[in-house]
Structures are given as structure tokens and as C-alpha cells.
Amino acid sequence: MRIFVAAAVIALAGCPAVQPPQPTTPGPVSPEPVPPEPPVPPEPLSITWARVETTHDLPPAPPPDGTWRIHMIDVGTGLAILVQGADFALLFDAGSNDPGEKPLRVVAYLSAALGPSGDEQCTTSGAPTGTRRTIDHVILSHPHLDHASALDLVLHCYDVRHVWDAGAVNDAVFYRDFLTAVSEEPGVTYHTAAPPPDDRTIHVKGFGVTMPPAVGWQMFSEGDEMALGAAARFTLLHAEGKRHADPNRNSIVVAVDLGGVRLLLTGDAESGARADPSAALGDVEAHVVSQFPALVDADILQVGHHGSKTSSRRAFLDAVSPRLALISAGPRRYKGTRLPDAEVLAALAAVGATVLRTDERDETCRGCDSWLVTIAPAP
Ligand SMILES: [Zn+2]
Ligand SMILES: [Zn+2]
């Protein structure tokens with residue numbers, strides 16, 4: 001196997017033990033106080049990572065109990081992150097802006113990581129897989145093509161239980177395709193920060209997409225928590241359903257807790273216009289730092305907006321203090337700039353983060369810089 005070409009380990013100190021309550025001074029008739037059971041300290045976990053050059057490098061079996069995997073899939077200029085436990089799968093975005101990029105590359109990766117699923121559209125061979133598998137949660141951080149282009153195919157190929165979307169309409173064909181795929185997903189619950197319209201119809205690009213009764217529709221709010229499986233959960237830190245000129249302002253921000261290791265997913269959340277990281281915090285970054293100071297403090301950060309200077313202000317990085325920083329970027333320029341920005345890389349180094357990037361070898365090979373981060377009991 002070529003997988004573990006580069007691996008490093010960070011031993012995580014267990015969280016400080018909770019102090020037992022102090023016994024109060026006994027009154028004259030109080031029974032002898034029973035000392036509480038000492039708290040069980042959490043098992044120390046390690047974080048390791050390895051580059052995934054091809055899907056053949058992926059482990060053949062799902063992670064065992066107490067182990068979690070975070071896959072940053074190299075989709076070129078876009079983002080797709082798969083979080084996988086023994087008992088759940090969560091996909092945060094799946095899209096690319098690269099003209100030659102095939103959504104099938106994401107599905108081929110998912111097929112290798114989760115197992116093959118779906119019909120002939122879901123395989124590179126064109127042969128149906130004969131089975132359907134489940135992805136418990138699909139989160140669209142915000143309605144931009146580089147985060148959403150493959151999601152309609154993902155919904156077609158997998159049984160998805162929950163879809164999370166800010167609900168701020170981007171009047172674009174890809175977003176309509178995404179909504180249509182949600183409407184055709186039986187049994188799914190569609191979660192939006194915007195309130196569901198009475199007629200359950202969303203108008204995009206001249207057509208209305210109606211969510212049928214088989215699709216549940218619920219509103220979510222900041223601070224909402226979802227259990228993911230044993231010892232894993234996520235909390236929504238930014239929920240903005242109002243339509244903005246720039247959909248990046250709708251980015252859903254999620255803190256994922258995996259056995260006590262925290263992953264912060266930010267999509268394209270920003271502080272504002274492009275500026276040096278020393279500039280003031282603003283917009284979504286300021287909001288989550290002020291509202292959820294404890295939950296933004298994370299071990300692993302998906303660096304906002306592909307490492308652009310619109311994001312990753314120093315005050316934000318200080319609050320997150322990541323040990324590991326994941327940057328998904330590709331060859332296509334954003335408004336003339338190839339990301340990530342050097343100033344953001346320097347700011348990440350200054351807080352002591354190790355950076356993993358999907359664009360390192362874009363000149364020589366495409367799609368060969370995926371990364372697999374494994375959270376497992378320390379050896
Ligand atoms: Zn983006
Ligand atoms: Zn965006």
C-alpha cells in the first residue's frame with residue numbers, strides 16, 4: 001500500500017478531569033456522605049494523517065468503534081470533506097469549479113471509502129453496484145458551484161437521511177439540480193435556516209422545485225446539536241437563511257466532536273474583504289468567535305474560503321488554535337487570485353498548525369492530493 005507515505009502523530013492530552021463536588025459540612029442528622037465515583041478519564045487519542053494518491057490507498061474496511069476518519073477529497077478548485085465513524089458518514093460539500101472535473105471522481109472516492117452504491121451512473125465502469133448505502137448527513141455549506149456541483153449525483157447514488165442547507169437561494173442551475181435531487185430523495189429530512197414556504201416550493205432559474213410530503217422539512221438554528229453516533233456529534237455555529245449578494249456569507253459553520261477531538265468546518269466563511277490576517281475580525285468569523293468561543297477552539301480546521309485572505313484573520317486563528325489545518329484549493333483562480341494566499345499560510349504557521357493541501361501537485365497530477373486524517377486511540 002502506498003497510503004502511509006507521510007504520517008505524523010499528535011498525542012492529545014485527555015481533557016482535564018472534572019472535579020467531584022465538594023461535600024458540604026454535615027448537619028447534625030446528615031448521614032455519612034458517600035464519596036462520588038471518580039470520573040473515568042477519556043481515552044487519549046492520536047491524530048495521524050496520510051496522503052491518498054488514488055482510491056486504492058484507502059483502508060478497505062470502515063473504521064472500528066472509537067476511531068474516526070476525516071477525508072479531504074482532492075476535487076481541484078472546490079471542497080469535499082467526508083467524516084466517517086464506525087456508525088455514521090457525514091459529507092460536507094462536494095463540488096468543483098474546474099471545467100474538466102467530473103463529479104464521478106467524488107463518487108468514486110466515496111465508493112472506495114464507504115462502499116459502492118447506486119446504479120450505472122455511480123460507477124466508472126457503468127455497471128450498477130447492486131446495492132445502496134447510506135450517508136447520514138450531507139451539508140451544503142453555501143450555494144456556490146465549487147461546493148455543490150457533485151451533490152446531485154451523490155444524492156442520486158446514496159440514501160441520504162439528512163440534508164443541511166442555509167436555504168438562501170442562489171438563482172443558478174446547479175442549485176436547482178441540487179434541490180431537485182433532494183426532492184427525489186425519499187425519507188430524507190431537509191434542514192434549512194430559512195423558514196419553509198407554505199407551498200413547499202423553491203423557485204430557481206425559472207422553475208419551481210416542490211418538496212413532496214415524503215421529504216421532511218425542518219428549520220435549524222445556531223446552537224442546534226445532532227448526535228452522529230457513539231461519542232460523536234456536531235453543533236451548528238452559523239445559520240443564516242437570508243439571501244446575500246455573496247453566498248459566502250451564508251456559510252454554515254459546524255463544530256464536529258469526534259471522541260473529544262474537534263473539527264471545525266467553515267465552508268467559505270469570511271471576515272470581509274481581502275486583507276492581511278492582522279486586520280479586524282468581521283462577518284461570519286467574528287460572529288462565531290463571539291457566540292461560540294469554546295466551540296470554535298478546535299484541533300483540526302478546514303481553512304475558510306480555500307485559504308483566501310477574506311478569511312483566517314489572526315484573531316480567528318488564535319481562537320481556533322488548530323493543530324492541523326486543511327486547505328482545499330485548485331488550479332482555477334478566484335477573481336484573479338490563485339489560492340491559498342501566502343499571508344494565510346504564514347498566519348497558520350504562526351499559530352503552530354500543520355497544513356495539509358490538495359493543490360500541491362496540481363501541475364503534474366490532478367486529484368492525487370487527497371488527505372486521510374485518522375483519529376484513533378493513542379498507541
Ligand atoms: Zn468556495
Ligand atoms: Zn463560496
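The exercises below work through the fold of one predicted protein model, from its overall dimensions to single strands and a helix.

Because this is a predicted model, local features need pLDDT of at least 70 and side-chain atom pairs count only at pLDDT 80 or more, while totals for chains, interfaces and linings use all residues. Residues are numbered from 1 along each chain as its sequence is written, and chains are lettered from A and ligands numbered from 1 in the order in which they are written.

**Exercise 1. The whole protein**

Solution: Along the principal axes, the C-alpha trace spans about 80 × 50 × 45 Å. As for secondary structure, the protein has seven helices and 19 strands, where helices (H or I, at least four residues) and strands (E, at least two) are DSSP runs, numbered from the N terminus.

**Exercise 2. Strand 4 and its neighbours**

Task: Determine how many residues of strand 4 are buried, and which strands pair with strand 4.

Solution: A residue is buried if 20 or more other C-beta atoms lie within 10 Å of its own, exposed if 12 or fewer, and partly exposed in between, with C-beta atoms placed from the backbone. By this rule, eight of the eight residues in strand 4 (residues 78-85) are buried. G78, A80, L82 and Q84 point one way, L79, I81, V83 and G85 point the other way, and all of them are buried.

Next comes the pairing, which requires that DSSP finds at least two bridges between two strands. Strand 3 (residues 68-72) pairs with strand 4 in the antiparallel sense over four bridges, and I70 has V83 as its bridge partner. Five residues lie between these strands in their hairpin, where G76 takes a positive phi near 80 degrees. Strand 5 (residues 88-96) also runs antiparallel to strand 4, joined by eight bridges, with G85 opposite F88. The hairpin from strand 4 to strand 5 passes through two residues.

**Exercise 3. The two sides of helix 7**

Task: Explain why the buried residues of helix 7 line one face of the helix.

Solution: First, list the buried residues of helix 7 (residues 342-350), which are V344, A347 and L348. Seen down the helix axis, these residues fall within an arc of 100 degrees, so they line one face; the arc is that of the directions from the helix axis to the C-beta atoms. On the other side, A342, A346, A349 and A350 are exposed. The buried residues pack against helix 6 (314-320), strand 17 (324-327) and strand 18 (354-357), and just after helix 7, G352 takes a positive phi of about 85 degrees.

**Exercise 4. The largest nonpolar core**

Task: Identify which residues of the largest nonpolar core touch the most other members.

Solution: A nonpolar core is a set of buried Ala, Val, Leu, Ile, Met, Phe, Trp, Tyr and Cys residues joined through C-beta atoms within 7 Å. Of the 100 residues in the largest core, V106, L151, V154, V254, V296 and L326 touch the most other members. Helix 4 (residues 173-183) gives this core its largest share, six residues. Leaving out residues up to four places away in sequence, V106 touches I73, V75, A80, A94, A150 and V154, where contact means that two C-beta atoms, placed from the backbone, lie within 7 Å.
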